[in-house]
Structure formats: structure tokens, C-alpha cells
Amino acid sequence: MSKYFGLITGAGGLIGIAHAEALLENNINIVITDVDKKKLNLVFTKLKKKFNKHQIIKYQLDLNNVQEIQDFFVNLNKQKIIIKYLINNACVDSKPDLKQKKLKNISDQWNLELNIGLRSIYLLIELFSQHMLKLKDGIIINMASDLSIIAPNQEIYKRQFPKFKKPATYSAIKHGVVGLTKYYASLYAHSNIRCNCISPSGVDNKQPKKFKNDLLKLIPLKRLSSLDDIKNVVNFLIDKKSSYMTGQNIVIDGGRTII
Ligand SMILES: NC(=O)c1ccc[n+]([C@@H]2O[C@H](COP(=O)([O-])OP(=O)(O)OC[C@H]3O[C@@H](n4cnc5c(N)ncnc54)[C@H](O)[C@@H]3O)[C@@H](O)[C@H]2O)c1
């Protein structure tokens, strides 16, 4: 078992568990965090059942709160938990089929979404790279999206959800994630800290049939991405096999962005 830990943000969501399993299967103990206590507990219980010999620490953390992030860092330091693998996964993704709380004004929306989707990545890398710089070793993986490359196809959403449009914030965040990834890859390369991002297309997750069919028309491989597709890439990025890769945006989209 590695004496170093992996840290995953937004671990209570759909993809978080794939990141967690990738690390645990490689004998890396983990700290999972999410703002949503219920979702975090659910994932924790699932993981504990499957990986009972591993250390899995759960921590409720609101990435919109800078003080909480700083306290979290101090808390892990006190427990001598050294983070060598950081997976910045959390994001507020406004999905059309979910009734999401609308904030009072668009400026609040901008601030909240960018704080979680971009500022938290910046803060967590700044903090936990202190561990990695001492180790002269570290892996940072940021979750981007196919929308880090292309603009959303609003027509597809409109056909199924006439009132919905994929927000500009998501595009700004995901393009920004690629920029942050390149920035830190180049800044820390001298200390063998590699920083890459992953850009999946939509993950198969009980989307309405009509919406899914419209989406599939745009994907050469004719399927949505799966949790395993993402897990496989995480496996690769934490392995020595990818030791010469840094600053890259790894696109797993069934060819969506090539046509
Ligand atoms: N699901 C997809 O189809 C898809 C496709 C491409 C990229 N992505 C990206 O992958 C990542 C994970 O996606 P997902 O589908 O698991 O998303 P999700 O919405 O299921 O999970 C995101 C998690 O982030 C948490 N979160 C929200 N606000 C937070 C806050 N203030 N502090 C801490 N945590 C907070 C949520 O509670 C949730 O558990 C995201 O960055 C997303 O943009 C997802």
C-alpha cells in the first residue's frame, strides 16, 4: 500500500467513484470530499464494502468556501496525510433534466460556478503541490470535458428541453481547466509533478432516449462514454506508463470532437 494518499473532489457525484476505484485498485489510500454529505456517505459505504483493507477518509468540504479549503489542508497536515495524487473533479454542471436551484442574479451564478470549477482547482493545486514539491513527485488530474474543445450544441438540448441552454460558465470553466493544466504542468515539471486533464463526452447515465439518440448522431463510435472509459485513463495517468506525458488534454469522446 502506498503511504501517500489520493484526494478526490466532488467524489459523491457520478464520476467520483470511478476515480476512487482507480486509485484504490492501485493500492493508493484516498481522501474523498464533497459538499453533499449524503452523496459522500453513499459513495464511502460503497467503496468500503469493496475495499475494506484500504484507508478511505471522507471529508465534507464546500469548495465555494476558501477558508474551508484552507482548514481542510491544515487538518490533513495535522494528520500527516500526504497527498501525492490530486483529482480535481468537482464542478457545478447544469444538466437539463435536473431542477437546479437558480440563483438570484447571473453574477452570483458566474461566481459560484467559477469558484467551484476553476478557483478550487487553483487553490487545491497551490496548497497540495507543497506536498508534491517536497516529494519531488506528484500526479494532478483535472476534469475538463469535450466542451473544453467545442461549443455546446444548443440545438440538441433545445429539442428535448426547450427552456434549457447549456450555460456559458461551463464553457469558460472547461476551457480554463485546460489552461490551468498547462500552466501547472510547465511550472512543476522540474519536480516530476505531472498535470493532465481528461475530457470525456457525456457519460451514459439514463439520459432521455430522444436526447441520447440526437447525441449519438454526433459521435462516430455511436455510444456515450462510460465510467470505465474514465477509470482506464486515470489508471494510465497514475502509472509510470504515462511518465512522459504532462500538460495534455486527454479526450475520450468516441470521436465527437473530430467531425
Ligand atoms: N457526467 C458527464 O457526462 C461529464 C462529461 C464531461 C465532463 N464531466 C466533468 O466530470 C466531472 C464530474 O462530473 P459528474 O458527472 O460526476 O458530476 P456530478 O454533478 O455528478 O458530481 C459533481 C459533484 O460535485 C459536488 N459539488 C458541487 N458543488 C460543490 C461544492 N461547492 N463543493 C464541493 N463539491 C461540490 C456535487 O455535490 C457533486 O457530488 C465534472 O468536472 C464534470 O464537469 C462530466
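The following legends describe close-up views of a predicted protein model.

**View 1. Overall fold of the predicted model.** Residues are numbered from 1 along each chain, in the order in which its sequence is written. Because the model is predicted, local features need pLDDT of at least 70 and side-chain atom pairs count only at pLDDT 80 or more, whereas totals for chains, interfaces and linings use all residues. The protein has eight helices and seven strands; these are DSSP runs, with helices being H or I of at least four residues and strands being E of at least two, numbered from the N terminus. Along the principal axes, the C-alpha atoms fill a box of roughly 50 × 40 × 40 Å. The radius of gyration is 18 Å, which agrees with the value near 18 Å for a compact globule of 259 residues; the radius is taken over C-alpha atoms, and the globule rule is 2.2 Å times the number of residues to the power 0.38. Of the 259 residues, 37% are buried. A residue is called buried if 20 or more other C-beta atoms lie within 10 Å of its own, exposed if 12 or fewer, and partly exposed in between, with C-beta atoms placed from the backbone. Among contacts between residues at least 6 apart in sequence, 76% join residues at least 24 apart; a contact requires C-beta atoms, placed from the backbone, within 7 Å.

View 2. Seven strands form an open sheet in the order β3-β2-β1-β4-β5-β6-β7, with parallel pairing. Strands β3 (56–60) and β7 (249–252) stand at the edges with a single partner strand each, so one side of each has no neighbour in the sheet. Neighbouring strands of this sheet are turned by 20° against each other on average, direction ignored. Two strands are said to pair if DSSP finds at least two bridges between them. Axes are lines fitted to C-alpha atoms, for helices over the stretch in contact, and angles run from 0 to 180 degrees between N-to-C directions.

**View 3. Strand β5 within the sheet.** All six of the six residues of β5 (residues 138–143) are buried, so the strand is largely enclosed by the rest of the structure. Both faces are covered, with G138, I140 and N142 buried on one side and I139, I141 and M143 buried on the other. Strand β4 (residues 83–88) pairs with β5 in the parallel sense over four bridges. Here N88 has N142 as its bridge partner, and I87 stands opposite I141. Strand β6 (residues 193–200) runs parallel to β5 and is joined to it by six bridges; in β6, I193 stands opposite G138.

**View 4. Helices packed on the sheet.** Helix α2 (residues 37–50) lies across β2 and β3 and runs at about 175° to β3. Helix α6 (residues 168–188) touches β5, β6 and β7, and its direction makes about 160° with that of β6. Residue G176 is placed in α6 and counts as partly exposed because it has 19 C-beta neighbours inside 10 Å. The C-alpha atoms of G176 and L118 are separated by 7.0 Å, although the two residues are 58 apart along the chain.

View 5. Residue E21 lies in α1 (residues 16–25) and is buried, with 20 C-beta neighbours inside 10 Å. The C-alpha atoms of E21 and K50 are separated by 9.2 Å, and the residues are 29 apart along the chain. The loop between α1 and β2 (29–34) contains N27. Residue N27 is exposed, with 11 C-beta neighbours inside 10 Å, and its phi is near 60°, a positive value in a residue other than glycine.

**View 6. The loop containing K222.** Residue K222 is found between α7 (209–216) and α8 (227–237). Its phi is positive, at about 55°, although K222 is not a glycine. Most residues other than glycine have a negative phi. With 10 other C-beta atoms within 10 Å, K222 is exposed.

**View 7. Residues surrounding the ligand.** The ligand is surrounded by 25 residues, of which the closest are G10, G13, I15, V35 and C91; a residue is near a molecule or strand if its C-beta atom, placed from the backbone, lies within 6 Å of it. By class, this shell has twelve nonpolar, eight polar and five charged residues. Ala, Val, Leu, Ile, Met, Phe, Trp, Tyr, Cys and Pro count as nonpolar, Asp, Glu, Lys and Arg as charged, and the others, Gly among them, as polar.

Technical notes:
Contact = placed C-beta atoms within 7 Å.
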